[in-house]
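Reader: I'd like to learn how to read a ligand site. Could you walk me through one?

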Amino acid sequence: MAVLRAAVDAARSAPSVHNTQPWRWRIGDGDTLHLYADRSRQLEVADPDGRLLTESCGAALHHARLALAAAGWQFDVRRVPDGAPPDLLATIALTGRGEPDEHARTLLDAASSRRTDRRPVLDRPVDQAALDTVVAAVVAEDTHLYLLRDDQVVDLTAAMSSADRTEVGEEAHRAEIARWVGGERRDATGIPASAVPERPPQTQVPTRYFGPPGTLAIDERHDVAAVYGILHGDNDTPRAWLRAGEALSAGWLTATAQGLAMLPISAVVEVLPVRMALRRMLSGLGYPYLAIRIGYPDPDAPAPPATPRLAVDDILEG
Ligand SMILES: Cc1cc2nc3c(=O)[nH]c(=O)nc-3n(C[C@H](O)[C@H](O)[C@H](O)COP(=O)(O)O)c2cc1C
């Protein structure tokens, strides 16, 4: 069905950890679209539980929902259905026609310009009203976004440094990064060198180890005005991770639509003791899914390049 194929097409632009695009779609009976995890593109070393894989699939699910809503379709979504095959994460079932959703259209438009921008952000405080809309977009997806106070950012810095030290010390981790990051990415997955900064950016929370430097030009700026936060929720289950991915997408596109850049920081949830430390930082608020940074990108610098994507026929059956 053309509308479901168009939704899959729109979902291709979703962000995913290391641009692994770990999703597979199948059009089923009765106007249904099934989303599966594709374990062949799971990060076995950094993400053995599939937490980041499932969050990435959640972001794709949110993009597909936006495409359907913007085109005026009504639908139900069942997430991680009981008794379903293990890799089936969600089923979207069309239920009828309605009015095109203008808000969904705005976010879908933002999806085409959204990029992961790893450069330092401007020295301009983030507008509180804009932050409130980002938090509200996350909350609407059953997830929470805890924004860190200035004195808590240093704890995230320490957590990130510790996670990075652990990961860089592991041969298997370095090999996994080398497989997914750098070069020109002829296979349409992974992060090209052109999206990786040419040297470590000056940021309050260090960016993750990505192997040899890339070619993305950065200036001497320091992101002192950036806001850092932690996406979190009540459960540490695949369903909660899927919702967290939908929330990441909703918050990120809401930020993009207002001229803000959002950067996911996942190493802090990849290393178990660091993830537990993050949980203590949340002091009982719940389980951490991902850390993020929000700030204004430099309007005079060219946007980072679009990263490659698999073709619809590579990820869709039926
Ligand atoms: C769950 C998740 C975790 C991510 N973690 C990081 C991260 O730790 N550091 C980073 O620079 N980018 C991170 N990213 C961004 C991806 O690398 C990015 O989405 C991907 O390379 C595609 O590029 P694009 O977002 O510009 O389309 C993450 C994205 C997702 C969805």
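This is a predicted model: local features need pLDDT of at least 70, side-chain atom pairs count only at pLDDT 80 or more; totals for chains, interfaces and linings use all residues.

Reader: How many residues surround the ligand?

Author: A residue is near a molecule if one of its heavy atoms lies within 4 Å of it. Here 22 residues surround the ligand, and the closest are Arg114, Thr116, Arg118, Ser266 and Arg309.

Reader: Which side chains have a polar atom by an oxygen atom of the ligand?

Author: A polar contact is a pair of N or O atoms within 3.5 Å. For Arg118, a polar side-chain atom lies 2.5 Å from a ligand oxygen. The distance is 2.7 Å for an N or O atom in the side chain of Arg309, and 3.2 Å for a polar side-chain atom of Arg208.

Reader: What percentage of the ligand's accessible area does the protein cover?

Author: Accessible areas come from the Shrake-Rupley method with a 1.4 Å probe. The ligand on its own has 620 Å² of accessible area, and the protein covers 97% of that.

Reader: Which domains contribute to the shell around the ligand?

Author: Domain bounds come from an automatic or database domain assignment. Domain 1 (2–112) and domain 2 (116–295) each give at least three residues to the shell.

Conventions:
Residues are numbered from 1 along each chain as its sequence is written. Side-chain values use heavy atoms; hydrogens and water are left out. A polar contact is a pair of N or O atoms within 3.5 Å; within protein, one must be able to donate a hydrogen and the other to accept it, and residues adjacent in sequence count only if both atoms are side-chain atoms.
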